Amino acid sequence: MPIRLVERLQQRSQRPLRPSEPAVQGQITRLVGLTLEAKGLRSAIGSYCRIEVNPSLSVEAEVVGFGDDSIFLMPLEPIEGLYPGAKVRPLSGGSKVPVGPQLLGRILNGVGQPLDDRGPLNAEAEVGLSGPTINPLSRQPIHQPLDVGIKAINAMLSVGRGQRLGLFAGSGVGKSVLLGMMTRFTEAEIIVVGLIGERGREVKEFIDHSLGPQGLARSVVVASPADDSPLMRLRASELASRIAEHFRDQGKNVLLLMDSLTRYAQAQREIALAVGEPPATKGYPPSVFARLPKLVERAGNGAEGSGSITAFYTVLTEGDDQQDPIADAARAILDGHIVLSRQLAEEGHYPAIDIEASISRAMPQVVAPQHLQMAQQLKQIYSRFQQNRDLISVGAYVAGSDPEIDRAIERVPHFRQFLRQGLDESVSFLDSMQQLVQVLTPPPAPETQQLQPVAAMTPPQPG
């Protein structure tokens, strides 16, 4: 070996080792409302940090904004005992969530931790919270009906596999009960339920009564009650969507029920206002309307060879105002809407579905033409009765003045009975069509022939 090379190696070996670079950390400098301000860090939007409140307590937080040389953090849970100068350390690797069949029958919080005291999840895998984006040209079209077990929906607002619908209702009209019926009656392999921003009491009631042991056995429940932080409510919504995406990618047909989309929007509003985003439409910042389609577009059919996610999102219309900003934005990005009427609920009509104000945009693609024609015929007769309801109620209408109104007066009581359904009563898709034929058929005269059999109305199978 050359002498010069040996000398160089000896000199370098005698140099003191450089101290390792200290771990990057910052400190809390300010607390305003729900937002923490930290300095000394360079973390990207959406990344996670850990705040060391004391030697025995640390809290995870997400970076939701930045300004000049500081970043804004939103903690996942309330922080007690926080002091100025508390250390903040960035977390590497991003947020991972558990997925797999081991989640069936389990109840999780917004970060994927079990709430049911049944031990660890032992999930087969962990994936990132943000799923891959599907090319819209690669999605399978909606062509197959989905039996939800509710005849008013099966017959009048038929749902297709991979469709996304909204349940629009005010408080106390029965949307949670309707969701519970769907979880028990719908023909889906996997059910994912997201209870976002609801009262803690309603979470247990939904699981014990609306869902029941039979529904829970094939379901994954993600619950984030109203007293959780807004970031936790956002995480719970995204976690429910991510779990549904994983099962869809495994080839499963998934039913995603999220109650409610409005609470998701309100959580994003709280975060956006806390970091200084200006309000726009009735107090909602623009970022709210940007995040809604990102969440909703994660549902739907997958690419060829994968499964589907049929999603129902409840939308709380404050004061029964259908022009509420969130309700108006949701109608534009969903594949249909089912409106629940307070007037029908007060009359004891359950489920309180207003068939006049509701529509399924995918129904023409998933049912036979005869089925669609009969559903439109029932709507027309029912609407004619509603338009003249006041005249009929006060006795101002004279029988025989209009044959269509006369027919409406005679058939509407049968329609209302047809649209009612018990909480524990399941009606299949075929039975729903059979009852639709019967309710539109007047009492037959001896010489009158019956309508065509229901088999002719059966939608064509893909293939």
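A: By class, the largest cavity is lined by six nonpolar, two polar and no charged residues (Ala, Val, Leu, Ile, Met, Phe, Trp, Tyr, Cys and Pro count as nonpolar, Asp, Glu, Lys and Arg as charged, the others, Gly among them, as polar). This is a predicted model, in which local features need pLDDT of at least 70 and side-chain atom pairs count only at 80 or more, while totals for chains, interfaces and linings use all residues. Numbering runs from 1 along each chain as its sequence is written, and side-chain values use heavy atoms, without hydrogens or water.

The lining consists of G174, V177, L178, M181, Y350, P351, Q421 and L423, each with an atom within 4 Å of a cavity point. A cavity is a set of points on a 1 Å grid where a 1.4 Å probe fits but cannot get out.

As for packing, the largest nonpolar core has 60 residues, and I153, M156, F312, I338, L378 and L436 have the most contacts inside it. Such a core joins buried (under 20% relative accessible area, 1.4 Å probe, protein chains only) Ala, Val, Leu, Ile, Met, Phe, Trp, Tyr and Cys residues through side-chain atoms within 4.5 Å. A second, separate core of 51 residues includes L103, A265, V296 and A299.

Notes. On a 1 Å grid over the protein atoms alone, a cavity is a set of points where a 1.4 Å probe fits but cannot get out, and a pocket is an open set with protein on both sides within 12 Å along at least five of seven lines; lining residues have an atom within 4 Å of a point. Buried means under 20% relative accessible area, exposed over 50%, partly exposed in between (1.4 Å probe, protein chains only).
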